[in-house]
Amino acid sequence: MMQTKLALSLLAGAVVLGVATGAVAAAVGGDDTAGRDTPRASASPTPSPTAEEKKEETEPAAAAPTVESGGGDQGVPEAGAGLLPPSDLLITPGAVGPVRAGMTKAQALATGYFVADVPAPVDGCPVRPLTWRDEYVNTVDLQTAENGDVLSVGVRQPGPHTRSGFGVGTTWAQLRSVASDPQDAGYGQTGVFVRESNDASWIGFLFDTTPDQLADDDRVTFVEVTKGGQPGLVRDGC
C-alpha cells in the first residue's frame, strides 16, 4: 500500500512539473511543439467590403467645379483642362499656340481658349466676338473682324515664345540675325519682322524706341502674328 501511494505521489509530481515547465516556456516565447504537426490558430479573416464600400472605391473622385470665364481678369489662375498655360504657348509665323490668324470664329472657339460675345471693358466699344479666357487676357490679345474671324494675335507679356525662345523681353542683339531691318512703326517705335514665305504668315516684334536709336540692349515690348499682311504692331483703345 505504501508503495502504491508513493508511486501515485511521484506521478502527480511529474504532471505538475510538466505543466509548470510548459507555462514557463510559453511565458518566455519558447516553442515546445517544434517538430510536431500541431495545428495553429489561423488569423481572423478580413471582413469582405460592403456594397457601399465597393461603390466608394470604384467611383471616380468628383471633378472640381468649372469656373466660367467672362473674358476678364476674374482670378482664374490656371488653364482649363487640356489647355496650355500662357508660358507654354509657342509663337510661330501667323499663330500663337493653336490659335492662327485667319481662323473663323467657330474654329477659334473650338480650341477652348476663348469665350464669345463679351462686352468690351471700355464704354463706347462694340461687343467683342472673341475674347481670351481669364487666365490668358493679361498675356495675349486678339484682333477680329466684325464676324469674329481672327485677324491677328498679340503677345503683351513674357511667357509665349518662339522655338528659339524669342518673345517679349528679347533684346535686339538676340533678334538681329533672324529679323528684318528695323522699320518705323509709328509713335516713336520700331518694328522688326520674320516672314514665312510659303503662306505669307508673319511675326512682328515691337521696340519702344525709334529705328535710329535702337540699341542692342533694347527689349521687345509687344509681339504680333498675322497672315497675309505685315503686322501693324498697333492696338487701339478698344
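In what order do the six strands of the open sheet stand? The order is S6-S7-S11-S10-S9-S8, with antiparallel pairing. Strands are DSSP runs of E, at least two residues, numbered from the N terminus; two strands pair if DSSP finds at least two bridges between them.

This is a predicted model: local features need pLDDT of at least 70, side-chain atom pairs count only at pLDDT 80 or more, and totals for chains, interfaces and linings use all residues. Residues are numbered from 1 along each chain as its sequence is written, and side-chain values use heavy atoms, with hydrogens and water left out.

Next, show S9 (residues 189–196) and S10 (residues 201–207). Seven bridges join these antiparallel strands. Find Val-192: opposite stands Phe-205 in S10.

Now the rings. The whole structure holds six aromatic pairs. Rings of Phe, Tyr and Trp (its six-membered ring) pair if their centres lie within 6.5 Å; planes under 30 degrees apart are stacked, over 60 edge-to-face, the rest tilted.

Pick Phe-114 and Trp-132. Their centres are 4.6 Å apart and their planes at 50°, so this pair is tilted. Phe-114 lies in S4 and Trp-132 in S5, so the pair ties together parts 18 residues apart in sequence. Phe-114 is buried at 7% relative accessibility, and Trp-132 at 2%. Buried means under 20% relative accessible area (1.4 Å probe, protein chains only).

Note on methods
Helix = DSSP H or I, 4+ residues; strand = E, 2+ residues; numbered from the N terminus. Buried < 20%, exposed > 50% of the residue type's maximum accessible area, 1.4 Å probe, protein only.
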